[in-house]
Amino acid sequence: MRLTRRRLLAGAAAGAVGAGAGIYELVDHLASSPARPVAVRRPREQHLLEGVETITDDGVEVLVPPLHHRVVTAKVRPGTDLRSAQAELERRLAGLDRRFEPTPAGLGVTVAWGLPYFRHLVPAAARTHLPVDLRATRERHRPVSALLDAVRFPSDPHDTVLEDNDLAVLLRSDDAGHVDEGAKALFDGFDALGQTSVRRGFVGGGFSGRQSLPKQMAVAAGVAGAELIPDGSQLFLGFTSTQRAAMGHGRIANLETLGYARDPHGYFRGGTTMHLSHVREDLEGWYLNFDFSQRVSTAFRPDLHSVRPNAQTVAQAPRDVSSERQVERTYHRFGAIGHSAAIQTSSRLKQRHVGPDGTVYEAGAAIPLRADFNTLDNPFAWSSQPTRDGMSRSPAAGVHFLVFNPTSDDFHRNRLAMDGVLPDGTKLRFPPGSRGQGFNSVLKTTHRQNFIVPPREHRSFPLAELA
Amino acid sequence: MRKIGVVSLAALAAAVALVASGCGADRAGQPAAKAAEKRCPAHALAGWQRLANRIHAPVYCPTWMPDPFDGVIGGQWNTINSVSPDRSYLIGFIWLEAGSGELHVNLRGYPARTRIPTCVDVNTVNGITRRTNIPCFSDPTSHLHVAGIDATVYTANQDADRWHVLYAWRHGGSLYTLSQHVAVPLTYQKVVADLDHMLRSLVLVRPSS
């Protein structure tokens, strides 16, 4: 009997639904935890993870991120007694602190708060205590908060959802069970918080020569183009993103370190800002339409010719950093800018800087501290607004992009540079979705929001005690 | 950019054909004796023979193709029949249904040359067009030996083979390729299965004059 088109489609849809519903159950079967250094302290900064191993891959130092990640977003329920809720959340967080060390072997917990929380629940204290972005204030001749509403960037679709969550909790560990326990400990039976989304994902696992977790998960889920992902690839797009030189080091992403922000009462000292977005990735478009050398040009820069064929880790040390003029030259010569090269114009230190704690940050050092991870969520694992969020049960390749920057404006500058809008005002124009504009032709951002990450002592309902 | 018309049901016919045509008998593990019995189908032979005679070199006739293709040069689905001055040829079969999808298979041959040809990558930004020479077939990902053919699998290809998975091999001092377009809901795996099937089905047709 001939297979009709309808029967074929019905079968494909059923397979996709099944894969989407249960795919994360595979994750612990596919990955084993690497050996990890033991943490010696719990830093003031919530966003810093201790005990992160450094290895050398292709002669480049690479940080080994935790394998399993989850972000839970939530809103504070109306009528909540903020001080009681503050005490209760802190009690729960402290319980996790006692149970797990703040390392990939244990559990990293980061609680971040969005502008809706500050505007609606602690408005007066927020007006006097939220840090001000000095650089943006100076340039725009008006006060600019260190925490900004998310915006759509030139390469974003018009329907990218700008979210309005009160808070987001990032949980990360090599042990998926720890992540589960953390989420339950924080949210189960806590009436003050109504969850709005759950986002799950994974990264790495391929440095030991095994097939990486993203590759295994994508193949298991049957997402388009999964077979084309290089076996050991840290992320779906085939390149290592956590090399040491490309990640913000130490406290560089803190609000106070580079002097970008003024914290009027020192309440947020040791804090940072966080951007969270979900981005769909077209794996077939990436691997079938770009050969390896084109992928290198697109991911890094068009005039990079010394990369070993099929290399996954490409040096991005301070000496490899591109300037605005170099990016502009490659634009005029090749009609293209590399993703990393363009972002480096705003994401690297222009000059040597000594932080308030005496730490020296050399020129060319990376400022943002990324914590992004791949996902099969489409776009989330769960949503309280499935229609608005465009929820689908079919798995899809994507990334939950999560990064810590000293201020929201600093992230916006980096993201604009990715679109060819450089820090000195130079605008390198591209048609929408142009291959020349780095990764943009294979990415589609569905959601964005900015948050502030208070220091550990104020992580629970910040400013509620002053309200 | 993605090829035009490549939408959700593209290459559905390939999936239908694989199941419906009952062609599973000559999949992997096919006895050599049976492979040796393959003949270019009578209804297709004339076209492939004319091509071989025209370029003065052997060509490969597919004895199996995904439905609805019949492998007939000049037939209903053969939309590309091109021979260049250097005797290289491109024979393409396309099934296209508006709003539904596309199925696309290419067979190529480059007589008396084995080097991968060079294509021109054209990039126009703000009215300025830049042309760069690049290999027509890139990113070799694996090799397979089937029915006497040692083929290399290329995943990043250009021109008429853009967004295709392409198998390339050498025979008698010439380069030959077979490629198929990857499009939703046809997966990469399904395309590779189709290509494996077609590769096993190829029969060499030599020039008769």
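Two strands pair if DSSP finds at least two bridges between them, and helices (H or I, at least four residues) and strands (E, at least two) are DSSP runs numbered from the N terminus. This is a predicted model, in which local features need pLDDT of at least 70, side-chain atom pairs count only at pLDDT 80 or more, and totals for chains, interfaces and linings use all residues. Residues are numbered from 1 along each chain as its sequence is written, chains are lettered from A and ligands numbered from 1 in the order in which they are written, and side-chain values use heavy atoms, with hydrogens and water left out.

**Strand pairing in chain B**
- Strands β5 (residues 118–125) and β6 (residues 128–135) of chain B run antiparallel and are joined by eight bridges, with B:Pro135 in β6(B) as the bridge partner of B:Thr118.
- The hairpin that β5(B) and β6(B) form has two residues between the strands, and B:Asn126 in the turn has a positive phi of about 50 degrees.

**A loop residue in chain A**
- A:Leu49, in the loop between α2 (27–30) and β1 (54–57) of chain A, has a relative accessible area of 16% and therefore counts as buried (under 20%; exposed is over 50%, partly exposed in between, with a 1.4 Å probe and protein chains only).

**The largest cavity**
- Lining residues have an atom within 4 Å of a point of the cavity, which is a set of points on a 1 Å grid over the protein atoms alone where a 1.4 Å probe fits but cannot get out.
- Of the 42 residues that line the largest cavity, A:His339, A:Ile343, A:Arg370, A:Phe401 and A:Phe439 lie nearest its centre.
- The largest share of this lining, five residues, comes from α12(A).

Technical notes. On a 1 Å grid over the protein atoms alone, a cavity is a set of points where a 1.4 Å probe fits but cannot get out, and a pocket is an open set with protein on both sides within 12 Å along at least five of seven lines; lining residues have an atom within 4 Å of a point.
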